[in-house]
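I'll start with the whole chain and then pick out a few spots to check.

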Amino acid sequence: MIDTGDDSIVKWLIIAGRQSSQHLGQQLARINISASQYYYLLKIHDNPGLTQKDLIEAEFINPSNVTRAIKQLVDQGLVDRRRSSKDKRAQELKLTVDGEKAYPEIKVILDQEEAQLIQITKQQFPDFDTEQLVKVLQSFARLHGDTE
């Protein structure tokens, strides 16, 4: 029989990530936000005045993805983009009133998703340590650096 890697960590990490992203997308769609947009709203909320360049440099995100997502959020009226007074080439990002209203709704959805994951995991592994899992996933995400 051919080994298909059914017990491969990488396989299940990819499947879990894809399934989680799809489910999260369905939940966020109720508030007219996509799974590829919510992250930017969280970052901008927590860092008003953040620039697109800051987002690109701080995270593992393709520059064209950032540009496209920010344009969509601006078009939706959730993000305001203004020239930086410090650097005329840069555009600072800030949530609009509607973006600020969406923030707590996003947090509720994310908190529910995380609580569900923790509940399922603790049922199988009562001594499960979520902080350790987060550290492992962060290390795994950085394993190959910027993969572009």
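**Entry 1: the whole chain.** Before anything else, I note that this is a predicted model. Next I checked burial: of the 148 residues, 24% count as buried. The C-alpha atoms fill a box of roughly 60 × 30 × 30 Å along the principal axes.

**Entry 2: the elements.** I listed six helices and three strands. Reading from the N terminus, I get the order α-α-β-α-α-β-β-α-α.

**Entry 3: helix α4.** I picked this one to follow in detail. Helix α4 covers residues 63–75, which makes 13 residues. From its first C-alpha to its last it reaches 18 Å, close to the 18 Å expected at 1.5 Å a residue.

Which residues of α4 are buried? I wrote down V66, A69, I70 and L73. They cover an arc of only 100 degrees around the axis, so they sit on the same side of α4.

**Entry 4: α2 against α4.** I went back to one of those partners, helix α2, residues 38–46. The axes of α2 and α4 are 10 Å apart, and the packing angle is about 80 degrees. Angles of 65 to 115 degrees count as roughly perpendicular, and α2 and α4 are therefore roughly perpendicular to each other.

Who meets whom? From α2 I have Y40, L41 and I44, and they meet N65, V66, A69, I70 and L73 of α4. Sorting this contact by class, I got seven nonpolar residues, one polar and no charged ones.

**Entry 5: a look at E131.** I then moved to helix α6, residues 130–142, where E131 has its place. Is E131 buried or exposed? Its relative accessibility is 57%, and exposed means over 50%, so I put E131 down as exposed. I also checked E131 against H144, 13 residues away along the chain: their C-alpha atoms are separated by 22 Å.

Definitions and conventions. Residues numbered from 1 in each chain as written. Predicted model: local features only at pLDDT ≥ 70, side-chain atom pairs only at ≥ 80, totals over all residues. Heavy atoms only, no water. Axes fitted to C-alpha atoms, helices over the stretch in contact; angles between N-to-C directions. Helix = DSSP H or I, 4+ residues; strand = E, 2+ residues; numbered from the N terminus. Parallel < 35°, antiparallel > 145°, perpendicular 65-115°, else oblique. Contact = heavy atoms within 4.5 Å. Nonpolar A, V, L, I, M, F, W, Y, C, P; charged D, E, K, R; others polar. Expected span 1.5 Å × (residues − 1). Buried < 20%, exposed > 50% of the residue type's maximum accessible area, 1.4 Å probe, protein only. Arc of directions from axis to C-beta.
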